[in-house]
Every structure is written in structure tokens, then in C-alpha cells.
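User: Got a model open here. Can you walk me through some contacts and helix packing?
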Amino acid sequence: MLKIMRKLRGAWRKCAFISTALFVLWAAAVADGAAWAAGRDEIHNPLPVQPLDLVSGRTAAVVIDDFGNNMTGTEEMLNLPIPLTVAVMPFLPSTKQDAERAHQRGHEVIVHMPMEPISGKASWLGPGAILTGLSDEEIIRRVNAAIDEVPHAVGMNNHMGSKATADRRVMRLVLKVCKERGLYFLDSRTNSRSVISEVGKEVGIPIVQNHLFLDDVYKVSHIVKQCRLLEAHLDRHNACVTIGHVGKPGLKTAEALRQYAPRISKKAVFVHISYLVKKQQLQELDSKSIPTN
């Protein structure tokens, strides 16, 4: 009888834990959707919020890079009828303006941190870039300055960075600052040898990875093909993170997203990256064994 009572008590504890976790996740989803809806203009006719199955519901997170420099497609992206994660480059003419506008419209804001690539023009990086030859102190200073520069930032991702994101010393410093400042990190996956996920586990910071670039080729046919790949990914997986850009492909990508959003919303709920972070954290908690006596 005593063994049975212990088992029952253990089962009750686990049920209570799972119920609490699901409630927290539900509340996060509601807050996420409410913040987006509150920031939308009624004239844009936002898509209706779909019910979210907290256990098996599919999610799509759309990240748009390169805000901060009055780029082509900025207004069109911010007016899309889906919640976006807006990556804003620091120290540029419209950095603060773009971050404020995105926040006011209910989108999520993150720092689009310029980082050293294996190849490419230095002019593409922008000011305050993280270079592998910098001292520890200078890297820490630059990351903190970039976070201070972008209002409402709750996360960070890399702009370029194929060289820097494969450097353990550099990424450990970057991720430690992000952890201290309460930011998550999105690995844009510009290098298949990125050490971000591994170092992130060591540092103890939430890491999310990009699955798909929408507009790495600036042709409408390619962007449409990538939107279809996004749909196909959601047929096989519970979540998809995809990255597009303002700038040269901005207008094309915004229009493709506007056309495909209704189709994608039939398969998945559009969310901010922070929602995926919260879900990831709850799943990690749930996976830990709960003592039964």
C-alpha cells in the first residue's frame, strides 16, 4: 500500500509540473499574439490568430534582417500581417527609429550583430563589428554597446559572421555578454561549422538555429521556391525558423510573404523567436526526471 501511495504521489507531482509548464507556455503564446495584435493597424487586416495546440502545434518564426539603414522594403515588412522578429543593425542612421517602429507594431526586436566573415567586403559589416583579431575586452565592449544601441532588443543574431561564429573564444565572449544582459541568441547559420550551439550549452544561454534563408538569391522565382520549402519543412517538423531581408530583395520578399502567409497559417502559427525559446526551456525542464519519493 505504501508503494502504491508513493507512486500515486509521484504521478500527481509530474502531472502538476506538466500542467504548470503548459499553462506558462500558453500564457506566453497569448501574450505574444496579444502584443502583435495590439500593435497592428486595423486597416492592414491582420490574419486571424489560429488556436495553438501546445503539445503538437506547428510554429513558424519569420526573422527579417538588416533593418537600421533606411533599407528598401522596411515599411512593407513592418506592415506584413504576421508577427516578425526584426533584426536591427546597431550604429546606423535608422537603428533606433526602426527598432521603435517595430516594437510599436508588436514585432519582436533583436540586435543584428555584425561579425567577421570568411570572405566579403569590410563595408558590408557596418560599424562596431566583431572581428576575430580583437581583444577580449574590446569584443565585450562592442557587444554591450550594440545592445545599448538597439531599443527593446530581447535577442541577438549574427550579420554575416562565417568566420567569427566558428571561433570558440569569440563566441564564448559574445554569448556570455548576451547571457548577462538576458538575451537569447539566434544562429543565422552562415557557416555549417558554427560553434554557437555547442558554446551556448557551455555558457547556459538559449540558442535557436535558422533553418532556411528566403532570399539568399534575389530572384522572385527563388524566393517563392523557398516559401514552398518552408511549407514542406512544416509538413515534417513542428517548427521552422526562416530568415529574409530588407534591402535589395526586400520588396520581393515582403510580397512573397504576404501571398504565402495565409497558406502557411493553415499549417502553423506564426510566432516570435522568444516563443520558441520559452518552449525549448519548458521542454528541457519536462525532460528532467522528477523524484517520486
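User: What joins the side chains of glutamate 100 and histidine 152?
Analyst: A polar contact of 2.9 Å. Bear in mind that this is a predicted model.

User: Where is glutamate 100 found?
Analyst: Glutamate 100 sits in helix α3.

User: Buried or exposed, or in between?
Analyst: Glutamate 100 is partly exposed.

User: What does glutamate 100 touch, not counting residues up to four places away in sequence?
Analyst: Pro151 and His152. The C-alpha atoms of glutamate 100 and proline 151 are separated by 6.7 Å. Along the chain those two are 51 residues apart.

User: OK, proline 151 then. Where is its place?
Analyst: Proline 151 lies in the loop between α4 and β4 (153-160). It is buried, at 16% relative accessible area.

User: Which residues does proline 151 touch, leaving out those up to four places away in sequence?
Analyst: Lys96, Ala99, Glu100 and Val109.

User: How far apart are proline 151 and proline 90 in space?
Analyst: C-alpha to C-alpha, 9.9 Å. In sequence, proline 151 and proline 90 are 61 residues apart.

User: Switching to arginine 105. Where is that found?
Analyst: In the loop between α3 (95-104) and β3 (108-115).

User: Why does arginine 105 count as buried?
Analyst: Because its relative accessibility is 18%, and buried means under 20%.

User: What does its side chain make a polar contact with?
Analyst: The side chain of glutamate 75 is the partner of arginine 105, at 3.0 Å.

User: Now the helix packing. At what angle do α4 and α5 pack?
Analyst: About 40 degrees. The axes of α4 (residues 136-149) and α5 (residues 168-181) are 9 Å apart. That angle makes α4 oblique to α5.

User: Left-handed or right-handed crossing?
Analyst: The crossing of α4 and α5 is right-handed.

User: Which residues meet there, α4 against α5?
Analyst: From α4: Asp136, Ile139, Ile140, Val143, Asn144, Ile147 and Asp148. From α5: Arg169, Val170, Leu173, Val174, Val177 and Arg181. By class, the contact of α4 with α5 has eight nonpolar, one polar and four charged residues.

User: And α5 with α6, how do the axes cross?
Analyst: At roughly 50 degrees. The axes of α5 and α6 (residues 196-203) come within 9 Å. So α5 is oblique to α6. The crossing of α5 and α6 is right-handed.

User: Which residues meet between α5 and α6?
Analyst: On the α5 side, Arg168, Met171, Arg172, Leu175, Lys176 and Lys179. On the α6 side, Ile196, Glu198, Val199, Gly200, Glu202 and Val203. The contact of α5 with α6 divides into five nonpolar, one polar and six charged residues.

User: Last one, tyrosine 260. Where is its place, and is it buried or exposed?
Analyst: Tyrosine 260 is in helix α8 (residues 250-265). It is buried, with a relative accessible area of 5%.

User: What is tyrosine 260 in contact with, leaving aside neighbours within four places in sequence?
Analyst: Val224, Cys227, Arg228 and Glu231. The C-alpha atoms of tyrosine 260 and cysteine 227 are separated by 7.0 Å, and these residues are 33 apart along the chain.

User: Which side chain makes a polar contact with that of tyrosine 260?
Analyst: Arginine 228, at 3.0 Å.

Methods. Residues numbered from 1 in each chain as written. Predicted model: local features only at pLDDT ≥ 70, side-chain atom pairs only at ≥ 80, totals over all residues. Heavy atoms only, no water. Axes fitted to C-alpha atoms, helices over the stretch in contact; angles between N-to-C directions. Helix = DSSP H or I, 4+ residues; strand = E, 2+ residues; numbered from the N terminus. Parallel < 35°, antiparallel > 145°, perpendicular 65-115°, else oblique. Left-handed = near helix turned anticlockwise from the far one by under 90°. Contact = heavy atoms within 4.5 Å. Nonpolar A, V, L, I, M, F, W, Y, C, P; charged D, E, K, R; others polar. Buried < 20%, exposed > 50% of the residue type's maximum accessible area, 1.4 Å probe, protein only. Polar contact = N/O pair within 3.5 Å; in protein donor to acceptor, adjacent residues only side chain to side chain.
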